[in-house]
Amino acid sequence: MKVALTGDVALDLIAPYFKEAGFDTYVPAGFATWRQELLDKSSALNRFSPDFVFDVTSHDDVLSRDVAGFFDERMRKLASMPYSLSGIKAIVDEFRFFSTSALKKVLAVDADNTLWRGILSEDGRDSLVPCVEFQRGLKALRDRGVVLVLLTKNDPAKRFMRGNMPLQDGDFAVRRINWAPKAGNLVEACRELNIGVDSVVFVDDNPHERAQMAAHLPEVTVAPWCGWGEDAECEARLLLRRLEEYYFCGLGATAEDRLRADSYRASAAARETRRAFASEGDYLKSLRLSVSPRLAKESDLDRLAQMAAKTNQFNATTIRRGREDFAALLADTGKRVYVFETADRFGPQGLVCYIVADLSSGRITDFVMSCRAMGRTLEHFAYCHVARDLGAAPAIDFSPTGKNAPFRDFLVNLKPQMDSFYEER
């Protein structure tokens, strides 16, 4: 990755630390010259063709609060570079998060020396020292809709979370506790959750495990590890702030966000009951699936925009509409926006599907369903509901992508009347 550094400080003293972290680094010839170099197509900066232009001073305010001894007045006076060694390292770490920033859904986390200090198989459960601040932060992220997955190389027969820990077993939607490679375990967990691995952030204290995950699943975002040192609570707050700001910002804004973690956990519980049934149909009947179809209203705009931005697998065209776009659709008498809220015997899932129909052409232009609703026949119910409302079986606009194969499979088997296990309420 190529990064060009900017900022009115002595960048030559900071650049080596970016290079040591593995970044191909460019430093302009003088203070503020990067602006001129950007405008000059023949400049050294443009020939370097950086992936990022990063102002090293852009996070001074927040890092000076997060990192003890961030500034060093001696360096400011002697070298026009105001940072301590720990401050420079914090800037590099901040860039490592900044450069991988993307909206994610799942946080897969290790246990030993991550959720607690110590190794369960060596030190014993009662000797572990929980990283309370970090666990509380993960619990708060879960309550806002982040799906937690536990990936740990340990004896699955051992008991894990102690009663005095903020996190408990039930806070994880999926747990993979064995001695198998974590990349394979994560693929299985994502398959169980109906989520792509590109929706995952992986946190692990072990550099070997981080390197293996990055090598085998490059789509997974492997978070840099910066703790735990002498001040674990401060380091935990720093890591949590970065996880929230760069990967999970904005979650918790809708009711569906707050239901998400519970919904995935309930789905995992439902899958556990699957083994007791002779057929998939008997299993789906046992879930007591229900759906409330209706036309969208203004209070749905945030959720609709969120689904349009995030949903890839069951998305007919991956049109990324924003809140204003949906507001315009609701005001357009030539369009109808249908939404579907669902529940099962384990609890509500909220608004998990929407369809946009163009009345003049009689076509469906948008058909989007959350991955956590897949595999339950909701798509069949939704299509038939719209067909009944329009008085004809509508065609569906479809644009294949590398991720929406589940929608393509649905289209292959599409019929005017399709059976569903959902009951309207």
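**Close-up 1. Cysteines C131 and C234 of the predicted model.** C131 takes part in none, and the cysteine sulfur nearest to its own, that of C234, is 13 Å away. For C234, likewise in no disulfide, the nearest cysteine sulfur is that of C131, 13 Å away. A disulfide requires a pair of cysteine sulfur atoms within 2.5 Å. C131 is buried, its relative accessible area being 9%, whereas C234 is partly exposed, with a value of 25%.

**Close-up 2. The largest pocket and its lining.** This pocket holds about 500 Å³ of space. It is lined by 18 residues, of which S86, K89, A90, D93 and C226 are the closest to its centre. Two or more lining residues come from each of α1 (15–20), α6 (85–98) and α11 (232–247). Helix α6 provides the largest share of the lining, with six residues.

**Close-up 3. Residue classes in the lining of the largest pocket.** The lining of the largest pocket comprises nine nonpolar residues, eight charged residues and one polar residue.

**Close-up 4. The second largest pocket and its lining.** About 290 Å³ of space lies in the second largest pocket. Its lining consists of 19 residues, and those closest to the centre are I195, G196, D198, Q313 and K403. By class, the lining of this second largest pocket divides into seven polar, six nonpolar and six charged residues.

Terms used
Residues are numbered from 1 along each chain as its sequence is written. This is a predicted model: local features need pLDDT of at least 70, side-chain atom pairs count only at pLDDT 80 or more; totals for chains, interfaces and linings use all residues. Side-chain values use heavy atoms; hydrogens and water are left out. Buried means under 20% relative accessible area, exposed over 50%, partly exposed in between (1.4 Å probe, protein chains only). On a 1 Å grid over the protein atoms alone, a cavity is a set of points where a 1.4 Å probe fits but cannot get out, and a pocket is an open set with protein on both sides within 12 Å along at least five of seven lines; lining residues have an atom within 4 Å of a point. Grid points are joined across faces, edges and corners, and a volume is the space filled by probe spheres set on the points. Helices (H or I, at least four residues) and strands (E, at least two) are DSSP runs, numbered from the N terminus. Ala, Val, Leu, Ile, Met, Phe, Trp, Tyr, Cys and Pro count as nonpolar, Asp, Glu, Lys and Arg as charged, and the others, Gly among them, as polar.
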